[in-house]
Amino acid sequence: MQTNKKVQCKECLKKFHKKEIYTIQQFQYKKEPKYKWILVYFKKLKIDEWDSFCEECIMSYSKKVDDVWNKQKSQVI
Ligand SMILES: [Zn+2]
């Protein structure tokens with residue numbers, strides 16, 4: 001088994017060590033929105049639970065999710 005296998009970030013195409021991998025699955029620990037909502041959102045972006053991202057990209061997606069969610073929330077009166 002190789003421990004130093006490299007993977008590629010789907011977003012920025014940067015290569016990094018497999019143990020530093022991030023996926024959208026970590027968003028299930030978000031308080032809001034619900035993970036189900038998040039999955040639907042990423043499906044539209046053609047991203048699934050098994051796509052790999054680097055830390056920077058997953059952080060920026062996390063921010064995007066918050067932005068879109070907050071906008072949507074404020075539209076529902
Ligand atoms: Zn990246």
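Where is Thr23 found? Thr23 sits in the loop between β2 (15–17) and α1 (35–44), and the views below start from the whole chain. This is a predicted model, in which local features need pLDDT of at least 70, side-chain atom pairs count only at pLDDT 80 or more, and totals for chains, interfaces and linings use all residues. Residues are numbered from 1 along each chain as its sequence is written.

**View 1. The chain carries two helices and two strands.** Helices (H or I, at least four residues) and strands (E, at least two) are DSSP runs, numbered from the N terminus. Starting at that end, the order is β-β-α-α. The C-alpha trace spans about 55 × 20 × 20 Å along its principal axes.

**View 2. Thr23 meets a stretch of residues including Trp50 and Phe53.** Beyond its neighbours within four places in sequence, Thr23 is in contact (C-beta atoms, placed from the backbone, within 7 Å) with Glu49, Trp50, Asp51, Ser52 and Phe53. Thr23 counts as partly exposed because it has 15 C-beta neighbours inside 10 Å; the cut-offs are 20 or more other C-beta atoms for buried, 12 or fewer for exposed, and partly exposed in between, with C-beta atoms placed from the backbone.

**View 3. Leu13 has a positive phi of about 65° although it is not a glycine.** Look for Leu13 in the loop between β1 (6–8) and β2. Leu13 is exposed, because its C-beta neighbours inside 10 Å number 9.

**View 4. Lys46, also not a glycine, has a positive phi near 60°.** Its loop lies between α1 and α2 (55–75). With 8 other C-beta atoms within 10 Å, Lys46 is exposed.

Notes: Two residues are in contact if their C-beta atoms, placed from the backbone, lie within 7 Å.
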